[in-house]
Amino acid sequence: MATIFHVSDLHIGKYSKNIQAPDCDISMEQFHLHRVHALLNEVESAARRTVEAGDNSVVVVTGDLTDQGWDKQFACVEEELQRIKGVCPVRIVPGNHDYGNFRGCLFVKKSVRCFDELAHGLGMKVDFSAKYEGILESHSYAGAPYFETFGGADHSPVCLVYLNSCSSEGLEDFSRGDLGDLQLEMLESGLNAYLKENGNIPVFLCMHHKPLTRGYPDPVMGLDKKDRVRLGEIANGRVGAILYGHQSELKFLQDLSPIIWPAKGTQTPILIDGNGSVSTSLGYARISVSNGAIDPGWVAVSEPVFAEAVHA
Ligand SMILES: [Fe+2]
C-alpha cells in the first residue's frame, strides 16, 4: 500500500507583528507556531507508523509554508520538515505567501530562490523559479513539471507531479494563480510520455491554487479560468487526484471535479483540499492507494492546550 500525507498552508510566521493579549505569556505568532508544530508532530508519527508497516509513504505540503517568505520563516519551515524527512520523503510546492510579502500579494525575487533552496534541501530535483526565468534576468524556460515515482511494483507505486501555480502574469496581485500555457503544454506531453512508459500508476498533481470554477466559493482566489479549463482537459482520464490548498471555505474532501470538468466516459480527478490543515481546525489528509484505487480520508488533530503552549 502507499500512503500520502497531505498538509497545506502552514503560514509559519503568521502574526509576525507579535500581537500579544495582555494576560497571556505568549504571542499569537508563538501560539500559531505551536499549532503547526503539533500538527507536524502528528504527521511525523503517523508517517513513521506507515513506514514501519512497510507502506510506501510520502508527505506533501501544497504551498504557503511561510506567511511572508522571509529568511527566518524559511529556516523555521526547514527545521520542521527536515525532522519529517528523517522518516519519509517530504515534497513541497510554492504558494503565493512563500513568494510574496505583504500577505502574499507582492512578488519578491529573493523568496523565489529561497523556496528552491528549501526544495533542493529536501531532495527535490526541481527549480520552481524556472517559471520566472524571463523575469529573473534570463530568457530560457528550463522548468518542465517534475514527475517522481514513489514505490516499486510490490509497493503500490504512485506518481507525484509538482506544479507552480503562483502567478506569472499578474505579479502586482500575486494571490491569484495561473499555470501558464507553457507549463500546461509540458504537463500534457509529460503525462502522455509518463503513462505510456509506466502504465496505470496513479498520478497526483500537487499545486497551491485551487482548481475550482470561478465564483466558487469566491471569484478571485482560484486558478485563471482559461488554465483551469485546460487543466481539466489534460487531467480527465489521466490524473487520479489533485492536491491543493490556498484560501478556501470548502469543507475538506468535497469532490467537485465531475461538476467542474464533466467529461462523459472519463474518470475525473479527485480534488483534495488540504487547506484545513491549520487555518480552521488542525488536521491532515491521509490518502491510501492500493491496487491503483485512491481512498482519501481526513485525520483531525487535537488542538494544543493553551497552558501547554505557555510553558512549552
Ligand atoms: Fe495562498
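Helix α6 buries Gln183, Leu187 and Leu191. Those buried residues fall within an arc of 75 degrees seen down the helix axis, so they line one face of α6. The model is predicted. Its secondary structure comes to 9 helices and 11 strands.

**Helix α6**

- α6 covers residues 181-198, and at 1.5 Å a residue its 18 residues should span 26 Å.
- An α-helix has 3.6 residues a turn, so residues three or four places apart point the same way.
- On the buried side, the partners of α6 are β7 (203-206) and α7 (225-235).
- The face turned away from the buried side carries exposed residues: Asp181, Asn192, Ala193, Lys196 and Glu197.

**Lysine 225 in α7**

- Helix α7 packs against the buried residues of α6, and lysine 225 has its place in α7.
- Lysine 225 counts as exposed because it has 12 C-beta neighbours inside 10 Å; the cut-off for exposed is 12 or fewer.
- Proline 211 is 14 residues from lysine 225 in sequence.
- In space, the C-alpha atoms of lysine 225 and proline 211 are 8.9 Å apart.

**The α2 and α5 pair**

- Two packed helices are described by the angle between their axes and the distance between the axes.
- For α2 (residues 71-85) and α5 (residues 109-121), the angle is about 15 degrees and the axes are 11 Å apart.
- That angle makes α2 roughly parallel to α5, because angles under 35 degrees count as roughly parallel.
- The crossing of α2 past α5 is right-handed.
- From α2, the residues that meet α5 are Asp71, Phe74, Val77 and Glu78.
- From α5, Cys114, Leu118 and Gly121 meet α2.

**The whole protein**

- The protein has 312 residues, and 46% of them count as buried.
- Among contacts with a separation of 6 or more, 71% join residues 24 or more positions apart.

Note on methods: Residues numbered from 1 in each chain as written. Predicted model: local features only at pLDDT ≥ 70, side-chain atom pairs only at ≥ 80, totals over all residues. Helix = DSSP H or I, 4+ residues; strand = E, 2+ residues; numbered from the N terminus. Expected span 1.5 Å × (residues − 1). Buried ≥ 20, exposed ≤ 12 C-beta atoms within 10 Å, placed from the backbone. Arc of directions from axis to C-beta. Contact = placed C-beta atoms within 7 Å. Axes fitted to C-alpha atoms, helices over the stretch in contact; angles between N-to-C directions. Parallel < 35°, antiparallel > 145°, perpendicular 65-115°, else oblique. Left-handed = near helix turned anticlockwise from the far one by under 90°.
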